Amino acid sequence: MTGTAPIPPITGSVTLAVPVDRAFEVFTGSVNSWWPQQYHIGRAEVAEIVLEPQVGGRWYERGVDGSECDWGRVLLWKPPARLVFTWQINGSWQFDPDPEHASEIEARFTASGPQESVVEVEHRHFERLVGGQAIHGAINGGGGWAQLLDGFAKTVADQG
Amino acid sequence: MGLLGDPSRRAIFEMLARRPCSVQELADELPISRPAVSQHLKVLRESGLVVSRAEGTRRIYQLNPEGVTALRAWLDGVWSDALTTFHKIAEGPGPRP
């Protein structure tokens, strides 16, 4: 109800030399293998990233210390063609449980041949996330941002 | 490549996430020239990630306090990396544990 202007979605697509079933299976069943683990929200290093395979399923990270940090929920589960799930980490880098404040990610899987598929991803509705001034406090208070980016910078340096 | 795909630009972004800085402060800590820092700041400002204000004779840069804009930029980099890795894994030899 804020009347916030739309923020452009993030889109991406990949063409794969594998059947569409396999593309869906890897995308949903092995998130842990392809999500870059240097990108995380929780304070602990990531042990595992999970997307539960059903409508209402959770999408979350589990830290090496056993702590869990929710990212969102599965809204639509149509193997092997479509998947919609939410991203509910807001501008303050916190999970916001209100579904009205959820951005969403749609992944579409299309067979372009018997052994070829196209996966398109769209992350949209960023304007629904609550951000505003909160991030400012987080930055200046040395909270989530600074910590997250410290970890991120370290990873980049280690790889350098 | 997203806006933060360039390592120098990302380093500037990360420094500004910790505290507001002038061009000179950024150039002092990074292995790139002051004109290069200015050029990256120009791109970051035009994309709305970074804002600036005058402080005496200096100009101080900081992340745009509208957090969602910065979050989106971060996610842009995440998705770019994630899909590259996904491509590799999906075409790889078999399911991974």
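The dialogue below takes chain A and then chain B.

A: Begin with the conventions: this is a predicted model, in which local features need pLDDT of at least 70 and side-chain atom pairs count only at pLDDT 80 or more, while totals for chains, interfaces and linings use all residues. Residues are numbered from 1 along each chain as its sequence is written, chains are lettered from A and ligands numbered from 1 in the order in which they are written, and side-chain values use heavy atoms, with hydrogens and water left out.

Q: In what order do the seven strands of the open sheet in chain A stand?

A: A strand is a DSSP run of E with at least two residues, a helix is a run of H or I with at least four, and both are numbered from the N terminus. Two strands pair if DSSP finds at least two bridges between them. In chain A the order is β1-β7-β6-β5-β4-β3-β2, with antiparallel pairing. Strands β1 (10–16) and β2 (46–51) of chain A each have a single partner strand, so one side of each lacks a neighbour in the sheet. On average, neighbouring strands of this sheet are turned by 20 degrees against each other, direction ignored; axes here are lines fitted to C-alpha atoms, for helices over the stretch in contact, and angles run from 0 to 180 degrees between N-to-C directions.

Q: Which helix of chain A packs on the sheet?

A: Contact means heavy atoms within 4.5 Å. Helix α1 (residues 20–29) of chain A touches β1, β2, β4, β5, β6 (103–113) and β7 (116–124) of chain A, and its direction makes about 155 degrees with that of β6(A).

Q: How many bridges join β4 to β5 of chain A?

A: Four bridges link β4 (residues 68–78) and β5 (residues 82–87) of chain A, which run antiparallel. The two strands form a hairpin with three residues between them. A:K78 lies opposite A:R82 in β5(A). Strand β5(A) also pairs with β6(A) in the antiparallel sense, over six bridges, and A:T86 has A:E104 in β6(A) as its bridge partner.

Q: Is β5(A) mostly covered or uncovered?

A: Buried means under 20% relative accessible area, exposed over 50%, and partly exposed in between (1.4 Å probe, protein chains only). β5(A) is mostly covered, with five of its six residues buried.

Q: What pattern does chain B follow along the sequence?

A: Chain B has four helices and three strands, and the pattern reads α-β-α-α-β-β-α. Of its 97 residues, 46% count as buried.

Q: Which strands are the edge strands of the sheet in chain B?

A: This open sheet of three strands has the order β1-β3-β2, with antiparallel pairing. Its edge strands are β1 and β2 (50–55) of chain B, each pairing on one side only. Six bridges join β2(B) to β3 (residues 58–63) of chain B; B:A54 is opposite B:R59 in β3(B). Helix α3 (residues 34–46) of chain B packs on the sheet, where it touches β2 and β3 of chain B, and its direction makes about 115 degrees with that of β2(B).

Q: Where is B:S22 placed?

A: B:S22 belongs to strand β1 (residues 21–22) of chain B. B:S22 is buried, with a relative accessible area of 5%. Leaving aside neighbours within four places in sequence, B:S22 is in contact with B:R58, B:R59 and B:I60.
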